Amino acid sequence: MTALSAYPSSPNFRAASPALDIETTAKAPRRLSGPSLALLAAACLAAAPARATTIEVDEDVMTSPFFTGSNRVRGYDTDNRELHRVSTDSPFGGPGAETVYLSFNYDFAGNFSGPVKALLNLQSVEGGVAADASAATPFLVSAHAVNANPLTAIVDDTNPSGTTDWLSFYNSRILPADAAASTSISGFGNVQFDVSAIVNDWISGGNSIFVIALTGKNDSSGNDFLHGFLNNSAHPGSTFLSVSQVPLPGGLMLMISGLATLVAASRKSRPAAL
């Protein structure tokens with residue numbers, strides 16, 4: 001489980017700027033040209049730590065083998081549901097599993113370019129049926145992309161025109177989780193999932209379904225879990241993405257800085273116009 005952290009400011013930090021070798025006896029100081037300044041600015045931006053953007057979930061719901069009747073997708077604002085649950089496959093002999101679906105209404109491609117680091121934050125709580133994870137019996141929960149929108153695809157009393165049932169969606173529409181997108185749940189409080197691979201696909205256009213599924217598909221403990229997470233509809237701000245632009249690699253940053261130095265040096269060596 002990844003701990004939430006901010007970029008600390010070191011008390012020993014000092015702003016650094018390249019020293020200018022100015023000959024004061026015979027030549028006037030030379031100003032850097034536009035291209036040189038642009039390259040130096042790019043190097044500075046590459047070195048700066050990225051600020052995280054918080055993106056709140058738009059809708060969070062769940063499906064369960066224990067739901068009966070036509071109300072198969074629960075957790076909408078009008079449902080007054082305090083929490084959701086994620087379970088292992090076939091919990092206590094039931095079909096499928098309890099699954100949480102999180103949808104986001106955000107222009108990812110318009111606000112980010114290139115690779116990002118994306119962390120999904122949720123609040124782990126008691127599920128209410130005495131089948132929660134603990135330090136002695138941890139539960140591996142995974143975050144998955146999907147290839148269809150469960151809010152419009154699953155037949156439900158709020159969506160009678162859907163095209164599939166909740167179990168078929170669970171079995172065929174949830175994509176395999178990235179290796180980094182699984183977190184071992186061993187208690188309660190804030191938990192994070194690294195969903196960088198999912199969000200980078202949203203940015204690049206590789207996947208246009210802005211929905212994440214939380215499942216216990218990758219848990220191999222052999223235990224039956226029905227673990228709780230707060231419903232953001234009832235507890236606004238409890239579920240959100242934290243997305244940061246990935247800084248340029250050190251080698252590329254050095255290359256930009258080197259190019260800026262070369263441009264500055266080449267202009268300095270030019271003969272003065274007559």
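Two salt bridges, each defined as a side-chain nitrogen of Lys or Arg within 4 Å of a carboxyl oxygen of Asp or Glu, are counted in the structure. The structure is a predicted model, in which local features require pLDDT of at least 70 and side-chain atom pairs count only at pLDDT 80 or more, whereas totals for chains, interfaces and linings use all residues. Residues are numbered from 1 along each chain as its sequence is written, and side-chain values use heavy atoms, with hydrogens and water left out.

Arg-85 belongs to strand β3 (residues 83-87) and Glu-98 to the loop between β3 and β4, so the pair ties together parts that are 13 residues apart in sequence; helices (H or I, at least four residues) and strands (E, at least two) are DSSP runs, numbered from the N terminus. Arg-85 and Glu-98 are both buried, where buried means under 20% relative accessible area, exposed over 50% and partly exposed in between, with a 1.4 Å probe and protein chains only. The other salt bridge is formed by Lys-117 and Asp-194, whose closest N and O atoms are 2.7 Å apart. This pair links distant parts of the chain, with Lys-117 in strand β5 and Asp-194 in strand β8, 77 residues apart. Lys-117 counts as partly exposed at 39% relative accessibility, while Asp-194 is buried, with a relative accessible area of 14%.

An open sheet of five strands is arranged in the order β2-β4-β9-β6-β7 with antiparallel pairing, two strands being taken to pair if DSSP finds at least two bridges between them. At the edges stand β2 (59-63) and β7 (182-185), each with a single partner strand, so one side of each lacks a neighbour in the sheet. Antiparallel β2 and β4 are joined by five bridges, and Val-61 has Tyr-101 in β4 as its bridge partner. Four bridges join β4 to β9, which also run antiparallel, and Val-100 stands opposite Leu-214 in β9. Strand β2 is mostly covered, five of its five residues being buried; Glu-59, Val-61 and Thr-63 point one way from the strand, and Asp-60 and Met-62 the other way.

With contact meaning heavy atoms within 4.5 Å, and residues up to four places away in sequence not counted, Leu-214 touches residues including Val-86, Val-100, Leu-120, Val-141 and Phe-193.

In α5, the buried residues are Ser-196, Ile-198, Val-199, Trp-202 and Ile-203. These residues cover an arc of only 160° around the axis, which puts them on the same side of α5, the arc being that of the directions from the helix axis to the C-beta atoms. The buried residues of α5 pack against α2 (108-111), β5, β6, β8, β9 and β11. The helix α5 is followed by Gly-205, whose phi is positive, near 90°.
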